[in-house]
Amino acid sequence: MASEKLKVLEDFIKDDKPIGDKQGQLMGVLHKTQTIFGYLPAEAMDVISEKLDVPSAHVYGMATFYNYFSLKPRARFQIFTCKGTACYVGGGARILERLKQELKIGVGDTTPDGMFGINITRCLGCCGLSPVMQVNEDIYVRMVPEKIPLILAKYRKMDKKKRR
Ligand code: FES
């Protein structure tokens, strides 16, 4: 599977007719890689460096500069806890702690089954309803830590249905 995807990437690079400079080409290839794999795996980064004749450090430099790119597989459900002032004052830290405890991962990590990832975000724009938490596109307001197990269970159920 991974080698098939690498082949797709290699073919893309081979057929690529860049209009701009090397920097622009690298950006385009990184975008394509993220689309193919869902993230930027190390093997793909090696291929890019070799085929474009760009130092590996430069490829990683660009990949880590832009938030759009991810060097780790992304979780199917990305959880964002708000670290804006209103949410912080309203108990946002307790939400984050409970999430870490329930999922046994830290901020920026993904659960081993690839289901959940924990992230921190700035103000989500609904401070009056703080503390706020987001899971993919869903927003949860006036959060309390006790709601977390139920919310996680909802996504586990959803995931199970999808994979049937
Ligand atoms: S501070 Fe959290 S939504 Fe604004």
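Which exposed residues does the face of H2 turned away from its buried side carry? Gly24 and Thr35 are the exposed residues on that face. The views below come from a predicted model.

**Figure 1. The whole protein chain, with seven helices and four strands.** From the N terminus on, the order of elements is α-α-α-α-β-α-α-β-β-β-α. The C-alpha trace spans about 50 × 40 × 25 Å along its principal axes. Of the 164 residues, 18% are buried. Among contacts with a separation of 6 or more, 61% join residues 24 or more positions apart.

**Figure 2. Domain 1 and domain 2 of the protein chain.** Domain 1 covers residues 2-65. Domain 2 covers residues 77-163. Their C-alpha centres lie 32 Å apart.

**Figure 3. Helix H2, residues 22-37.** This helix has 16 residues. From first C-alpha to last, H2 reaches 22 Å, close to the 22 Å expected at 1.5 Å a residue. Leu26, Val29, Leu30 and Thr33 are its buried residues. Seen down the axis of H2, they fall within an arc of 105°, so they line one face of the helix. Their cover includes helix H1 (2-15), helix H3 (42-52) and helix H4 (56-65). The face turned away from the buried side carries Gly24 and Thr35, both exposed. Just after H2 comes Gly38, with a positive phi of about 90°.

**Figure 4. The open sheet of four strands.** The strand order is S2-S1-S3-S4, and the pairing is mixed. Why is one side of S2 and of S4 left without a neighbour in the sheet? Strand S2 (116-121) and strand S4 (138-140) stand at the edges, and each has a single partner strand, so one side of each has no neighbour there. Neighbouring strands are turned by 20° against each other on average, direction ignored.

**Figure 5. The pairing of S3 with S4.** Strand S3 takes in residues 133-135. S3 and S4 pair in the antiparallel sense, over three bridges.

**Figure 6. Backbone geometry at Lys104 and Asn136.** Most residues other than glycine have a negative phi, and most peptide bonds are trans. Lys104 has a positive phi, near 55°, and is not a glycine. Lys104 is found in the loop between H6 and S2. Is Lys104 buried or exposed? Lys104 counts as exposed because it has 9 C-beta neighbours inside 10 Å, and the cut-off for exposed is 12 or fewer. Asn136 also is not a glycine, and its phi is positive at about 45°. The loop between S3 and S4 holds Asn136. With 11 other C-beta atoms within 10 Å, Asn136 is exposed.

**Figure 7. The cis peptide bond from Ser130 to Pro131.** Omega for this bond is near -5°. Pro131 has its place in the loop between S2 and S3.

How values were computed:
Residues numbered from 1 in each chain as written. Predicted model: local features only at pLDDT ≥ 70, side-chain atom pairs only at ≥ 80, totals over all residues. Domains from an automatic or database assignment. Pairing = 2+ DSSP bridges. Helix = DSSP H or I, 4+ residues; strand = E, 2+ residues; numbered from the N terminus. Axes fitted to C-alpha atoms, helices over the stretch in contact; angles between N-to-C directions. Expected span 1.5 Å × (residues − 1). Buried ≥ 20, exposed ≤ 12 C-beta atoms within 10 Å, placed from the backbone. Arc of directions from axis to C-beta. Contact = placed C-beta atoms within 7 Å.
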